[in-house]
Amino acid sequence: MSALLAVKNLSVAYGGIRAVRELDLEVAQGEMVCLIGANGAGKTSTLKAISGLIASHGGSVHFDGKSITRLQAHEIARKGLALVPEGRGVFPRMSVAENLMMGAYVRTDRMAVSRDLDHVHALLPRLAERQGQMAGLLSGGEQQMLALGRAMMARPRLLLLDEPSMGLAPLMVKAVFDIIRHIAAEGVAVLLIEQNAHLALKTCVRGYVLEHGALTLAGPAGTLAADPAVRQAYLGEGA
Amino acid sequence: MPEGKRPRWLVFGLLALGLALLPFLVDAGLGRSWVRLIDLALLYVMLALGLNIVVGYAGLLDLGYVAFYALGAYVYAWLASPHFGLHLPFWAALPLGAALAALFGVLLGTPTLRLRGDYLAIVTLGFGEIIRIFMNNLNAPVNITNGPQGINLIDPVRVGDMSLSQTQTLFGITFTGAHLTYYLFLLFTLALIFISMRLEDSRIGRAWVAIREDETAAAATGINTRNLKLLAFAMGATFGGLAGGLFASFQGFISPESFNLMESIMILCMIVLGGMGHIPGVIFGAVLLTLLPEALRYTGDWQRNLFGQIYIDPADLRMLLFGLALVAVMLYRPAGLMPSARRRREFADAAE
């Protein structure tokens with residue numbers, strides 16, 4: 001089996017309420033995959049369960065052929081899954097430079113870390129200019145970029161992105177997605193969660209559609225974008 | 001900065017000389033009772049440094065911190081007093097007290113791992129009260145704590161043949177018990193300051209800041225939030241337990257009375273007032289809040305000198321002025337009197 005991330009039968013429940021039901025999902029090495037769905041469909045719950053922030057109710061998650069189902073969030077992060085949480089999740093009272101270095105917290109290869117830092121600065125020149133500034137004082141788009149940069153500092157094999165376009169101005173959304181594409185072009189696999197289905201399907205190779213906690217559709221992004229049901233429900237086309 | 005230009009050894013030399021001579025200067029200038037107050041201030045510096053790890057670094061609001069102080073004090077009293085007939089030397093009793101406090105730090109920490117902010121504060125407050133009430137009531141059926149009467153005749157610290165509760169003459173200089181205690185406490189305080197400084201600059205210190213800022217993001221960067229939070233509780237509790245043991249040996253008597261909620265709040269006030277997360281601020285806050293209430297006892301004398309009679313009972317006026325001073329500091333210096341650069345920025349952001 002070649003999938004980098006393989007999710008099987010994943011279920012998540014809060015109390016008695018099932019948020020995600022028997023979800024199957026795969027991301028191959030270096031692949032860009034999106035999970036789209038409306039507000040409350042269970043997208044964030046799925047991502048949190050994969051990254052170990054909440055316990056799953058059933059099913060399994062394998063990363064690189066090994067089970068990470070029962071691992072804790074920090075252990076999963078150390079395996080090479082970098083989560084960029086919803087609402088950016090930068091450390092607001094740390095400087096930009098400190099935030100980036102926190103991304104490399106578990107790494108001990110100092111030389112490589114400093115090379116990666118140069119690389120992130122080249123990728124995100126706006127951050128390079130604001131190194132000493134408090135992260136909380138950056139604009140929303142800059143914070144999203146910082147969160148991406150921090151995730152990159154962990155040298156991940158899979159990037160989990162939770163609504164990177166949320167609350168950003170259209171021009172910023174474009175800039176952030178350009179960076180995501182750039183990261184993916186470097187061979188990092190991406191699992192993108194988005195409400196903005198149009199943008200997500202345009203960016204990714206494959207997609208999954210989540211409705212009320214269950215997958216309803218899966219397939220190549222182009223096919224999904226052409227699907228009448230998807231067009232009506234998520235791409236804003238009237239019946 | 002002119003300080004930066006002065007050679008470091010000169011600054012350190014003057015500081016060391018000042019600290020070495022302090023009890024004699026205080027004795028000559030203010031009287032013997034103030035030397036004991038300086039000893040007490042050092043104890044509070046240790047406590048404040050310990051709570052600073054939990055609240056200042058890791059951002060876990062702990063309102064029951066005094067419980068660890070109490071545990072350290074009781075363990076020392078059990079192991080070095082006629083209560084159980086045990087008389088272990090201080091170098092054995094002190095670490096045991098600190099270790100038990102650390103264990104309880106982890107025991108308290110474990111159920112509170114999922115709690116934040118207000119909820120954490122309430123649970124820790126409850127823990128502080130539980131320990132105090134236990135100490136108050138564990139005198140029957142087996143007398144463990146001697147209840148509200150407390151434990152008496154606790155051994156003072158002995159170094160060789162020298163007891164720190166008696167006046168000694170060394171090198172032709174007379175040291176009272178309070179003087180000797182000062183040097184012992186100073187030694188421990190300096191050690192705890194050193195440990196705090198090293199922790200702040202370490203990977204552990206940075207991880208604590210990350211947890212304080214955003215726990216989810218911290219976990220996503222590979223930080224073991226559970227273990228690091230427990231470590232913060234355990235480290236803080238160790239400092240508290242150590243201070244408790246020293247307190248028991250210093251007073252010779254302890255009772256549950258000494259470990260009430262007010263004490264926890266006072267220690268928290270010290271670090272908030274001085275500057276949370278900033279070691280010099282925490283030390284300053286602890287010294288100020290130990291000595292200020294004592295200094296305010298003299299308001300009776302001031303009134304008599306000014307008006308010829310006492311209008312307000314000094315005991316009442318003392319707490320009134322103390323409260324006013326706290327309110328004033330929080331209004332005009334919300335980040336504390338000596339905040340760290342980071343905290344100053346936090347409050348500057350919040351004001352925008």
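At what angle do the axes of helix α3 and helix α12 of chain B cross?

1. In this predicted model, the axes of α3 (residues 32-57) and α12 (residues 279-295) of chain B come within 8 Å and cross at roughly 135°. Axes are lines fitted to C-alpha atoms, for helices over the stretch in contact, and angles run from 0 to 180 degrees between N-to-C directions. α3(B) and α12(B) are therefore oblique to each other; angles under 35 degrees count as roughly parallel, over 145 as roughly antiparallel, 65 to 115 as roughly perpendicular and the rest as oblique. Helices (H or I, at least four residues) and strands (E, at least two) are DSSP runs, numbered from the N terminus.

2. On the side of α3(B), the residues in contact include L37(B), L40(B), A41(B) and Y44(B), while α12(B) contributes, among others, V282(B), I283(B), G285(B) and A286(B). Contact requires that the C-beta atoms of two residues, placed from the backbone, lie within 7 Å. The contact of α3(B) with α12(B) comprises 12 nonpolar, 4 polar and 1 charged residues. Here Ala, Val, Leu, Ile, Met, Phe, Trp, Tyr, Cys and Pro count as nonpolar, Asp, Glu, Lys and Arg as charged, and the others, Gly among them, as polar.

3. The contact between the chains draws 22 residues from chain A and 18 residues from chain B. On the side of chain A that touches chain B, the elements giving two or more residues are α2 (73-78) and α3 (96-103) of chain A. Of these, α2(A) gives the most, with 4 residues. That side of chain A divides into 15 nonpolar, 5 polar and 2 charged residues.

4. Chain A holds an open sheet of 6 strands, in the order β6-β7-β8-β3-β9-β10, with mixed pairing. Two strands pair if DSSP finds at least two bridges between them. β6 (81-84) and β10 (214-220) of chain A each have a single partner strand, so one side of each is left without a neighbour in the sheet. Direction ignored, neighbouring strands of this sheet are turned by 15° against each other on average.

5. Within that sheet, β9 (residues 206-211) of chain A pairs with β10(A) in the antiparallel sense over 6 bridges. E211(A) has A214(A) in β10(A) as its bridge partner. Helix α1 (residues 43-50) of chain A lies across β3, β6, β7, β8 and β9 of chain A, and runs at about 145° to β7(A).

6. Strands β1 (residues 3-14) and β2 (residues 17-28) of chain A are joined by 8 bridges. A13(A) stands opposite R18(A), and A6(A) stands opposite E26(A). The hairpin of β1(A) and β2(A) has 2 residues between the strands, and G15(A) takes a positive phi near 60°.

7. As to confidence, the model scores ipTM 0.88 and pTM 0.87. Chain B averages a pLDDT (the predictor's confidence in each residue, from 0 to 100) of 87, and 96% of its residues score at least 70. Local features need pLDDT of at least 70, side-chain atom pairs count only at pLDDT 80 or more, and totals for chains, interfaces and linings use all residues. Residues are numbered from 1 along each chain as its sequence is written, and chains are lettered from A and ligands numbered from 1 in the order in which they are written.
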